[in-house]
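Student: I would like a close look at the aromatic side chains of this structure. Could you take me through how they are paired and where they sit?

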Amino acid sequence: MADLNTDVRYIKGIGEQRAKALGKLGIATLRDLISYFPRAYDDRSALRRIADLVPGETAGVAAMVASPPTISHFRKGLDLVKLRAVDDTGTLDVTFFNQAWLKNSLHQGETYIFYGRAEGSLLRHQMANPVVEPEGRREVTGRIVPIYPLTAGVSQLILSRSIRQGLDACADILPDVLPDRVRRHHQLCRIEYAYENIHFPESAEALDLARRRLAFEELFLFTIGLERLRSRREVVHVPPCGGVDMELFYRALPFTLTDAQRRCVEEALADMRSGTPMNRLCQGDVGSGKTMVATACVYFMVKNGRQAALMAPTEILAQQHYQGLAPLLENLGIRCALLTGSTTAKTKRSITQQLESGEIDFAIGTHALITGSVAYRDLGLVVTDEQHRFGVAQRAELAAKGDHPHILVMSATPIPRTLALILYGDLDVSIIDQLPPGRQPVQTFAVTGGYHQRVYRFIRKLVGEGRQAYIVCPMVEENDQLPDERKAVTEYAKKLQSEVFPDLKVAFVHGKMKPKEKDAVMAAFAAHETDILVSTTVIEVGVDVPNAAVMVIENAERFGLSQLHQLRGRVGRGKHQSYCILISDNRNEETRQRLKVMTKTTDGFQIAEEDLRLRGPGDFFGARQHGLPGLKVADLGCDTQLLQEARQAAEQLLAQDPALTSCPATAERVTELFTQQADALN
């Protein structure tokens, strides 16, 4: 008998080959299969008469094949199957491209459902390549059809049939992780009904009931997990830090901190004086001065006689932090070191010895800081930069180098405070909502592809003045399959180099390159050895090039507003006026509205709120990155009322039964979901 951890290849009707294809979607077990939820739905339940078809609209009709289908071979690779179908109101001419098998599958005199885009005119109705199946089958027509994310070798039909087989296999073994009293109080359907109708909805109402149940469950379990993380943190006690004269640090700075920076520093210092480990997120817009908040915390910790470490996601960013911070801190008597993958073995041995002996106070580096051989005499503060590029496991690995060190994580992705509290539920949140004075806002323009030549001329003008430019290409998804980002970026870069800017230096970078190759390209750009850098969003984080003054983003409609804002933050970091040009030919009104927001404001928090309003939160960072379970059904932008209900229910349950002894299924599922935090939940 199957259980939810059964390998999908052992589910009746799936087998080795299909299981291998499903594996590309991350589906390995029966639970993975039934929890692979649709991304959208196509309501094909209503049928029209042929006479009521409107050219340009998608619709379904039930019609009888009036004559035997014919096939025509135009050339190699192009076959046309044609037939005429009728109902009691008119005729429909149907054409199928390169589906020769349909000639013998569709039979004269039998009725089929044809679902597709109506063409022709009101007097002569046509359809090309409609979905077709015999009347009454109701597999791909005549109902609300789920639309799933796909990969090569897996079609919608294959996936839907696999999920049907999976649901049939586990119909009697689905555990209900919601306590009965919670389910009844909030009028939620049973788990079997929810899974059946999220995949194969009987009606729009049934789909709403299923979705509400599964979204509530996600938010309920999520809240319990986060509450247990918080409670774990609160029972740990550490020696409180003593007082430090911070004015010495502030006077050493070549500028005055903003009020927002000072507030964030004070919040962090209060944590470190409290006797419990700090777990704080410092969240602020690009250029708001998060690094200086972290530096103040480092100064405070070292003056308390303990060590600090700052982990950056890329080698070049670690080097930039070291070059910017080491001179300042060493003037204040703090000994600094840089440790990255490129550090020579001899230097690494020396730094490791000095960290272990306490001769080095502050280590800046990459993942090299958490390698097995690196030990610290007394690590008191861990800072991670660009929090969402590290998983919780990596953050925990660095923290494990000390005895309950204080943790400060930084993120340059402004998100609404309510969402930050959900995504970073195990952290307190400090927000820098103020930019240093004197920074020039980046001028932003949204244009169509017809402006390319003018954009290229503008880039040439700025490069002639000594500036540099970024050009970002999105990873375009076609047919729900992942593209080859290397091809898009390298081909565009070659075209620019050979046809548009033959006299300038064009380089490219993408996520499939090895870290050392990426770092070399970025370092060359930072050193002004190249003029134009063509990239995917790999440059979203991790390099500070004050000389870069223009950011061009191709197919800008493919990005969320927060990501566009993050990319825009790569320019405007120096003394020169900078520009961001968003190129999109998409005429969708919502798209135009979103891009217009970018041209009207440079306030990252305002943009994040608008992004949340327009498209919901999606998954801001991806569950693998922030280390907390992802939300597959719940939408934090739209389910705020449901979130309040779920949180209230979770908090009431924990108040009555903190160990969840009365509902073991709930406790087990929470621990499974928080796999990267399992040690925290046990």
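Tutor: Rings of Phe, Tyr and Trp, the last by its six-membered ring, are taken as a pair if their centres lie within 6.5 Å. In this predicted model, Phe249, Tyr250 and Tyr299 form one aromatic cluster under that criterion, and the face of tyrosine 250 also carries a charged neighbour, since arginine 262 lies over that face at 3.9 Å from the ring centre. The count of aromatic pairs comes to nine. Among them is the pair of phenylalanine 216 and phenylalanine 220, whose ring centres are 6.1 Å apart and whose planes meet at 15°, so the pair is stacked, planes under 30 degrees apart being counted that way. Both of these residues belong to helix 7 (residues 204–234), where they are four residues apart, about one turn of the helix, and both phenylalanine 216 and phenylalanine 220 are buried.

Another pair, phenylalanine 458 with tyrosine 579, is edge-to-face, with 5.0 Å from centre to centre and 85° between the planes. Phenylalanine 458 lies in helix 15 (residues 452–464) whereas tyrosine 579 lies in strand 22 (residues 579–583), so this pair ties together parts that are 121 residues apart in sequence.

Methods
Residues numbered from 1 in each chain as written. Predicted model: local features only at pLDDT ≥ 70, side-chain atom pairs only at ≥ 80, totals over all residues. Heavy atoms only, no water. Phe/Tyr/Trp six-rings, centres within 6.5 Å; stacked < 30°, edge-to-face > 60°. Helix = DSSP H or I, 4+ residues; strand = E, 2+ residues; numbered from the N terminus. Buried < 20%, exposed > 50% of the residue type's maximum accessible area, 1.4 Å probe, protein only. Lys NZ or Arg CZ within 6 Å of the ring centre and 35° of its normal.
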